[in-house]
Amino acid sequence: MPKTHPKIDTKLIHAGEPQPRIQVSVSLPVFQTSTFLYASTPGADDVRYGRWNNTPNHIALHEKLAAIENAEDALVSASGMATISTTLLTLLSTGDHLLAQDKLYGGTHQFFTQDLPALGIEMDFISGVDPDSWEEQLRPSTKVIYVEAMTNPTLEVADLEAVVEFARAHNLISIIDNTFPSSFNFRPLDWGFDLSLHSATKYLNGHADIIAGVVMGQGELVEEIRQKLKILGGTLNPHACFLLYRGLKTLAVRMRHQNRSALQIAQFLEGHPHIARVNYPGLTNHPQHDRAGKLFDGFSGMLSFEVRGGIEAAEKFARKAQFPINAPSLGGCETLLTRPAQTSHVGVPPQKRRELGIPDNLIRLSVGIEDPQDLIDDFEQALG
Ligand code: PLP
């Protein structure tokens, strides 16, 4: 890539491309091989082996990912959870303590509250929107502070600048799950975070056809995680690397469309008499609208809303809507709809769910790249 300062659209296309192009191929081929000839010159790369995450597909993908979030390095893995677990197991050992935002993706919540304590790693939850309460949870053994850029499914935006400030003041490693906004809308490292993680299954790949994760950040930290991943083994296979690399090329066009469509849909739903509440940071009445506007270049394609009339009304809407596919996950080309009380948060007791702002009639929508007016017309008839 020329040494100018290209915009993210350009980096998504040109960063990481091997020079010269392999066998004059415009698209990077898949290196569907587990191992490579042993290099005769001694060095870190004498061994090229799939689990070492150093195949040509890994190398090109890491370079493209690092470029789009202005990171020193990036490392992909077999799933978002493989990235989260490998990262935390690299940074924390028995006796260490973790502070984590109280509203987390269910898998992360389970790993933090069950698996880490089983290894003697303690944790406490903090409210992402109440920085004054964090200090009292701090211990001499606290090593890491962990947040999500937008919470699932209520789209809360924590005080992310305060997280970075707090981490620096107390010598903690700050980690953010940037899955919901995606690298197109938010670059956490530019705001001072040490590590940015993604479920690349979602927007980064964008086509609902692979499971993958990525961590990006300071070179030394990513290298430590790379060494741990080599041993824990949650490597992304070359074909999935190829698909993620290909999916990334359209991230900007997809996200721009999804940002615009989700805002239009949120505004339509907000004004509809059968909708009691809409959670979308792009709406001016969202409690963290100003903060989201300052931090993010767009508000993403994720929103949630409550249908008046309880579970029956929500279920009826889900049945009558023609375009959205009733399925968990998010960030693909097709609009997906799910009722978190039934899927992502089914394991959370109903009272706790309500405290978290997740009533049974809440519907989460991952807006795809269909025409937004077609989706709005569909929602209109489904609510009619
Ligand atoms: N982080 C967030 C915010 C998620 O929504 C998910 C999955 O839904 C994950 C992490 C885990 O990702 P994966 O399913 O790729 O392991």
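Student: What makes Glu17 and Arg21 a salt bridge?

Tutor: In this predicted model, the closest N and O atoms of Glu17 and Arg21 are 3.1 Å apart. The cut-off is within 4 Å, so the pair qualifies.

Student: Why is Glu17 called buried?

Tutor: The relative accessible area of Glu17 is 9%. Buried means under 20%, so the term applies to Glu17.

Student: And why does Arg21 count as partly exposed?

Tutor: Arg21 has a relative accessible area of 30%. That value lies between the limits of 20% and 50%, so Arg21 is partly exposed.

Student: How do you know that Asp297 and Arg187 form a salt bridge?

Tutor: Their closest N and O atoms are 2.5 Å apart, and the limit is 4 Å. The pair links distant parts of the chain, 110 residues apart. Asp297 sits in the loop between helix 10 and strand 9, while Arg187 is in the loop between helix 6 and strand 6.

Student: What joins Glu17, Arg21, Lys64 and Lys249 into one network?

Tutor: Salt bridges that share partners join these four residues. The structure holds 16 salt bridges.

Student: What makes Asp9 and Arg256 a salt bridge?

Tutor: The closest N and O atoms of Asp9 and Arg256 are 2.9 Å apart, and the limit is 4 Å. Asp9 lies in helix 1 and Arg256 in helix 9, 247 residues apart, a link between distant parts of the chain. Asp9 has a relative accessible area of 27% and Arg256 one of 36%.

Student: Why is Arg353 called buried?

Tutor: Its relative accessible area is 7%, and buried means under 20%, so Arg353 is buried. Arg353 lies in helix 12. Leaving aside neighbours within four places in sequence, Arg353 is in contact with residues including Val346, Ile358 and Asp360.

Student: What makes the patch that holds Glu380 one of negative charge?

Tutor: The residues gathered there are Asp371, Asp374, Asp377 and Glu380. Asp and Glu count as negative, so the patch is negative. Glu380 lies in helix 13 and is partly exposed at 42% relative accessibility.

Student: What makes the phi of Leu155 worth noting?

Tutor: Most residues other than glycine have a negative phi. Leu155 is not a glycine, yet has a positive phi of about 60°. Leu155 lies in the loop between strand 4 and helix 5. With a relative accessible area of 0%, against a limit of 20%, Leu155 is buried. Ser329 also has a positive phi, near 80°, and lies in the loop between strand 10 and strand 11. At 30% relative accessible area, Ser329 is partly exposed.

Student: What is the omega of the cis peptide bond between Gln19 and Pro20?

Tutor: Omega is about -5° for that bond. Pro20 lies in the loop between helix 1 and helix 2. A cis peptide bond also joins Asn152 and Pro153, with omega about 5°. Most peptide bonds are trans.

Note on methods. Residues numbered from 1 in each chain as written. Predicted model: local features only at pLDDT ≥ 70, side-chain atom pairs only at ≥ 80, totals over all residues. Heavy atoms only, no water. Patch = residues over 30% accessible without salt bridge, like charges linked within 9 Å, V, L, I, M, F, W, Y side chains within 5 Å. Areas by Shrake-Rupley, 256 points an atom, 1.4 Å probe, with all protein chains shown as cover. Salt bridge = Lys/Arg side-chain N within 4 Å of Asp/Glu carboxyl O. Charge placed at Lys NZ, Arg CZ, Asp CG, Glu CD. Helix = DSSP H or I, 4+ residues; strand = E, 2+ residues; numbered from the N terminus. Buried < 20%, exposed > 50% of the residue type's maximum accessible area, 1.4 Å probe, protein only. Contact = heavy atoms within 4.5 Å.
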